[in-house]
Amino acid sequence: MTEHSAPASGTTDVVLEADGLTKHFPLRGRGRELLTRGTRAVHAVDDVSLALREGRVTALVGESGSGKSTVARLLAQLYPRTSGEIRLRGEATSVKGGRAFRGYSKRVQMIFQDPFASLNPVHTVRYHLTRALKIHGNAGTTAREQEAALADLLTRVQLTPPERYVDKFPHELSGGQRQRVAIARALGADPEVLLADEPVSMLDVSIRLGVLNLLRDLKERLHLAILYITHDIASARYFADETCVMYAGRVVEGGDSETVTQNPAHPYTQLLIDSAPDPDRPAVESKDGGSGEPPSLIDPPSGCRFNPRCPFAMDVCREKVPPRFDVGDQPGHFAACWLFDAEVSGR
Ligand SMILES: Nc1ncnc2c1ncn2[C@@H]1O[C@H](COP(=O)(O)OP(=O)(O)OP(=O)(O)O)[C@@H](O)[C@H]1O
Ligand code: SF4
Ligand SMILES: [Mg+2]
């Protein structure tokens with residue numbers, strides 16, 4: 001087995017790329033801690049590399065607190081990063097606000113989990129969408145052009161006929177309709193990338209599929225590169241072309257969604273899948289009986305962060321961080337696990 005390299009820069013269909021992305025949130029010391037030397041920090045994201053491609057959905061899957069939203073916020077340049085690089089169409093970017101941020105956010109838009117919180121309750125759909133169109137210079141020059149752009153946005157998210165929705169307030173819409181307005185607002189920028197942070201997890205189960213299908217349709221028609229963040233690995237199989245699995249701030253496995261979800265290589269992904277309901281798969285007892293807690297990110301375990309929960313942990317797992325190894329079943333399928341190192345496993 002060979003070590004899997006970070007995604008290649010300059011690959012034509014790669015739109016947005018993270019390379020070695022790291023975010024540590026410093027902790028403010030209290031009492032005696034203030035007197036101790038060194039800054040303690042939450043190691044929220046460590047050495048994360050991933051690539052978002054044109055017309056493809058990449059899922060970022062992991063349990064609560066694994067660092068998914070932090071990755072999205074770093075990619076949206078809403079936080080400064082501790083280290084690592086973000087490349088947009090192969091060009092290294094670092095944006096700290098002002099005009100540069102506006103230019104970046106025109107190309108990279110984010111959709112949040114709670115559409116009710118992300119829309120202002122005192123403003124109508126028209127206000128939200130017109131503002132987005134104007135900020136990003138897509139409102140046209142006449143009232144007629146602006147009205148046409150508004151109608152076009154609402155039609156794109158299947159809120160038709162547009163005149164039924166354009167003057168509604170957020171509370172007059174259903175959760176699914178509100179999320180469609182939030183998506184339309186993001187499309188007002190005419191972006192290349194959508195970062196969707198759990199876009200359906202607060203919606204009624206019955207309408208989730210409709211919103212996911214809408215995102216898939218937009219990916220195909222507008223060739224958007226989409227990051228789809230979710231707890232639900234079963235929905236990644238259905239909706240995403242590629243899937244990356246995060247555990248305690250690190251990416252532990254990645255590859256095409258079918259392979260990662262049907263033939264998971266990393267022991268953590270196996271645990272995640274064993275504990276996720278999937279009607280296509282017989283129930284399997286999870287390997288650690290479903291027990292175990294994610295580790296502290298203030299003082300994470302040395303070596304592989306999954307080692308305290310892993311039934312296969314070896315000495316090397318406690319000593320050295322596993323790099324990405326090719327699993328060898330499908331091109332691009334990798335696992336950051338010593339089991340896939342030929343020397344360690346003796347394969
Ligand atoms: N602004 C912040 N300051 C300090 N710690 C933070 C901050 N934001 C996130 N964290 C911590 O970083 C870790 C990762 O958080 P993050 O929100 O990225 O996880 P997540 O995978 O999105 O979780 P969830 O599925 O619950 O949304 C958590 O331990 C969290 O407490
Ligand atoms: S590196 Fe070791 S501890 Fe980590 S998942 Fe693989 S076998 Fe388990
Ligand atoms: Mg989150």
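Let us start with the whole chain. The model you are looking at is predicted, and the protein in it contains twelve helices and twelve strands. Of its 347 residues, 41% count as buried. If you take the contacts with a separation of 6 or more, 66% of them come from residues 24 or more positions apart.

Four strands form an open sheet in the order 2-1-4-5, and their pairing is antiparallel. Strand 2 (41–53) and strand 5 (91–93) sit at the edges with a single partner strand each, so one side of each has no neighbour in the sheet. Direction ignored, neighbouring strands here are turned by 25° against each other on average. As background, strands of a sheet pair through backbone hydrogen bonds, in either a parallel or an antiparallel way.

Within this sheet, have a look at strand 1 (residues 14–26), which is joined to strand 2 by nine bridges, the two running antiparallel. One pair to pick out on your screen is His 24, which stands opposite His 43 in strand 2. Helix 1 (residues 68–75) lies across strand 1, strand 2 and strand 4 (83–88), and runs at about 120° to strand 1.

Helix 1 and strand 2 also lead us to ligand 1. Each of these two elements supplies at least two residues of the shell around ligand 1, and helix 1 gives the most, with three residues. The shell has 13 residues, of which Phe 25, Ala 44, Ser 64, Ser 69 and Thr 70 come nearest. Sorted by class, there are four nonpolar, eight polar and one charged residues around ligand 1.

Now turn to ligand 2, which has another kind of list to read. Ligand 2 is surrounded by 14 residues, with Cys 304, Asn 307, Cys 310, Cys 317 and Cys 337 the closest. Its shell holds twelve nonpolar, two polar and no charged residues.

Our last stop is strand 9 (residues 242–247), where six of six residues are buried. In a regular strand, side chains alternate between the two faces of the sheet. For strand 9, both faces are covered: Glu 242, Cys 244 and Met 246 are buried on one side, and Thr 243, Val 245 and Tyr 247 are buried on the other.

What are the partners of strand 9? Strand 3 (residues 57–61) runs parallel to strand 9 and is joined to it by four bridges; in this pairing Ala 59 stands opposite Thr 243. Strand 10 (residues 250–256) pairs with strand 9 in the antiparallel sense over six bridges, and there Val 251 is the bridge partner of Met 246. Strand 9 and strand 10 form a hairpin with two residues between the strands, and Ala 248 takes a positive phi near 50° in it.

Methods. Residues numbered from 1 in each chain as written. Chains lettered and ligands numbered in written order. Predicted model: local features only at pLDDT ≥ 70, side-chain atom pairs only at ≥ 80, totals over all residues. Buried ≥ 20, exposed ≤ 12 C-beta atoms within 10 Å, placed from the backbone. Pairing = 2+ DSSP bridges. Near = placed C-beta within 6 Å. Nonpolar A, V, L, I, M, F, W, Y, C, P; charged D, E, K, R; others polar. Axes fitted to C-alpha atoms, helices over the stretch in contact; angles between N-to-C directions. Contact = placed C-beta atoms within 7 Å.
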